[in-house]
Number of protein chains: 4
Amino acid sequence: MQARRASPASRKKEYAMTHHSAEHRSQAMNDCILACQQCEATCLETINYCLGEGGEHADPQHITLMSACADICDTCARTMLRGAEVHTVVCNACAEVCRQCAASCERMGDDAEVKRCAEACRGCAEACAAM
Amino acid sequence: MQARRASPASRKKEYAMTHHSAEHRSQAMNDCILACQQCEATCLETINYCLGEGGEHADPQHITLMSACADICDTCARTMLRGAEVHTVVCNACAEVCRQCAASCERMGDDAEVKRCAEACRGCAEACAAM
Amino acid sequence: MQARRASPASRKKEYAMTHHSAEHRSQAMNDCILACQQCEATCLETINYCLGEGGEHADPQHITLMSACADICDTCARTMLRGAEVHTVVCNACAEVCRQCAASCERMGDDAEVKRCAEACRGCAEACAAM
Amino acid sequence: MQARRASPASRKKEYAMTHHSAEHRSQAMNDCILACQQCEATCLETINYCLGEGGEHADPQHITLMSACADICDTCARTMLRGAEVHTVVCNACAEVCRQCAASCERMGDDAEVKRCAEACRGCAEACAAM
């Protein structure tokens, strides 16, 4: 449990320390890039998990929403890594898609894997909304 | 064999006629998917052209904006092709990025290649705004 | 105005006629870009269809393979549109992924939507192998 | 310097400890996913840096190769995160693109930012070749 909480913060710190580019970005943007990367990865892993579980886990709208969420998170992280000023537009959209994806995961009840995905989406939505 | 060699024009026609999925989407959405695909392709080609020209064509902010535009257009088309209801959110963001990219191209003056990119961006912005 | 409303078929024709970049690429490469774009689109649509059908259509390995196929087709088309010389490497990989995806579709029997996906994959595999 | 060496290993460990999906993948695959994510991010940042520097840094072939490298690294990480068995095909292609991108960076001489990109590409090439 502790490990789960510790990881984003400590990973981000290393990132900020070693990357020249990261030093030239705000802490909020470095946090947001990491949140997008983690949300994309978690959605892709959770799609795989949900397809294997079947039943309501494999509901087409749920799988499709997680897929769309992974794609916009990817584009959002890339836009910031490119240093594009238009990132705020993409972040706004990403925040809303992540919110909808989190809500879809949360409707699925008490499954640890799906909850992990909801948490990644909530974290990404918050980080994107702060940009 | 003949069909396979057929021109892009005739293939596109088949595409429109044979796609079960396309028939279940509105004409506006099919137009928007095509506009996104063409805008992405045109931006990627124009980046290549502008890097080769150098000078103001290779202005970092201009190249970066076209790159970000290609990425969001890609994600936008994919979101509609997936049948994701959240596509409206992505279309809104895509419309705004395309508008900014078109404006950046239009500031570049009377270059046919860059004007073609501006037109693709304007077309995509309109199609996305109509979703 | 009329031109803007024109059908996908006529737009595709314009596309082939007006692109400076397209004129500087071989016909084989233009065909390959189109094949990749169509294969990506068809895979994304077929994922949506198969999830809705459920049962063997929604087999996790099948959905996952179509998803991976859509991604590599996307990257492959982009690499050629960028004018990157390294495209041959990506085309080789894309051809093999498309072959595996076609085979997975073909194992699914006599479903018109899935057959359409198999055909798009076979076409893309051939076009990529020719690069 | 130490921090730079330490980061991938410790990040990967956290990743492996907290992710259910990561626990079901080999250590080599978790390493490879991280290497692809870092190589993609570094290429995107270095494109931005090189465009700003101009001159030989903004050589069209170099920018294009880094762009293509970022795209295949992205697809490669996604393919593994999806759990797709076809990942070996994508990893092979990614290894070769990364090798070529590293070589292009190394030809650029003694620039710390470009060297960082070369290192990320070499690391990703090795990790992908081991899959």
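Tutor: Start with a cut-off: a residue counts as buried when its relative accessible area is under 20%, as exposed when it is over 50%, and as partly exposed in between. Keep in mind that the model is predicted.

Student: Why is D:Arg25 called buried?

Tutor: D:Arg25 has a relative accessibility of 13%. The limit for buried is under 20%, so D:Arg25 counts as buried.

Student: What makes the pair D:Arg25 and A:Glu45 a salt bridge?

Tutor: The rule asks for a side-chain nitrogen of Lys or Arg within 4 Å of a carboxyl oxygen of Asp or Glu. The N to O distance between the side chains of D:Arg25 and A:Glu45 is 2.8 Å, so the pair passes the rule.

Student: Is A:Glu45 buried or exposed?

Tutor: Buried, because its relative accessibility is 1% and the limit is under 20%.

Student: What label does C:Asp110 get, and why?

Tutor: C:Asp110 is exposed, because its relative accessibility is 71% and the label needs over 50%. Its side chain meets that of C:Lys115 in a salt bridge, at 3.3 Å from N to O. C:Lys115 has a relative accessible area of 42%, so C:Lys115 is partly exposed.

Student: What do the parts joined by C:Glu106 and C:Arg122 look like along the sequence?

Tutor: The side chains of C:Glu106 and C:Arg122 form a salt bridge of 2.8 Å, N to O. C:Glu106 belongs to helix H6 (residues 87-106) of chain C and C:Arg122 to helix H7 (residues 112-129) of chain C, so the pair ties together parts 16 residues apart in sequence. Both are partly exposed, because C:Glu106 is at 41% relative accessibility and C:Arg122 has a relative accessible area of 30%.

Student: How many salt bridges does the rule give over all chains?

Tutor: The count comes to 44. Some share partners: one network joins A:Glu40, A:Asp71, A:Asp74, B:Arg78, B:Arg82, C:Glu40, C:Asp71, C:Asp74, D:Arg78 and D:Arg82.

Student: Why is the relation between chain D and chain C that of a two-fold axis?

Tutor: A rotation of 180° with 0.0 Å of shift along its axis superposes chain D on chain C, with an RMSD of 0.0 Å. That is what a two-fold axis does. The residue of chain D that comes closest to the rotation axis is D:Ala93, at 3.0 Å (C-alpha). The same surface serves both copies, since 100% of the contact residues of chain D recur in chain C.

Student: What makes up the contact between chain D and chain C?

Tutor: Each chain gives 21 residues. Together chain D and chain C bury about 1700 Å², with 66% of it on carbon and sulfur atoms. D:Asp71, D:Arg82 and D:Val86 supply 28% of the area that chain D buries against chain C, more than any other three residues. Across this interface the rule finds four salt bridges and seven residue pairs in polar contact. On the side of chain D that touches chain C, helix H4 (60-81) and helix H5 (87-106) of chain D each supply at least two residues. H4(D) gives the most, with 10 residues. By class, that side has nine nonpolar, seven polar and five charged residues.

Student: How do you know that C:Asp71 and D:Arg78 form a salt bridge?

Tutor: Their closest N and O atoms are 2.9 Å apart. The cut-off is within 4 Å, so the pair qualifies.

Student: What makes A:Arg82 buried?

Tutor: A:Arg82 has a relative accessible area of 7%, and under 20% is called buried. Its place is in the loop between helix H4 (60-81) and helix H5 (87-106) of chain A. Beyond its neighbours within four places in sequence, A:Arg82 is in contact with residues including B:Asp71, C:Arg82 and D:Leu44.

Student: Why is B:Gly83 given another label, partly exposed?

Tutor: B:Gly83 has a relative accessible area of 44%, which falls between the limits of 20% and 50%, so the label is partly exposed. B:Gly83 lies in the loop between helix H5 (60-81) and helix H6 (87-106) of chain B. Not counting residues up to four places away in sequence, B:Gly83 touches A:Thr64 and C:Asn48.

Technical notes. Residues numbered from 1 in each chain as written. Chains lettered and ligands numbered in written order. Predicted model: local features only at pLDDT ≥ 70, side-chain atom pairs only at ≥ 80, totals over all residues. Heavy atoms only, no water. Least-squares fit on C-alpha atoms with pLDDT ≥ 70 in both. Contact = heavy atoms within 4.5 Å. Buried area = accessible area lost by both parts, 1.4 Å probe. Polar contact = N/O pair within 3.5 Å; in protein donor to acceptor, adjacent residues only side chain to side chain. Helix = DSSP H or I, 4+ residues; strand = E, 2+ residues; numbered from the N terminus. Nonpolar A, V, L, I, M, F, W, Y, C, P; charged D, E, K, R; others polar. Buried < 20%, exposed > 50% of the residue type's maximum accessible area, 1.4 Å probe, protein only.
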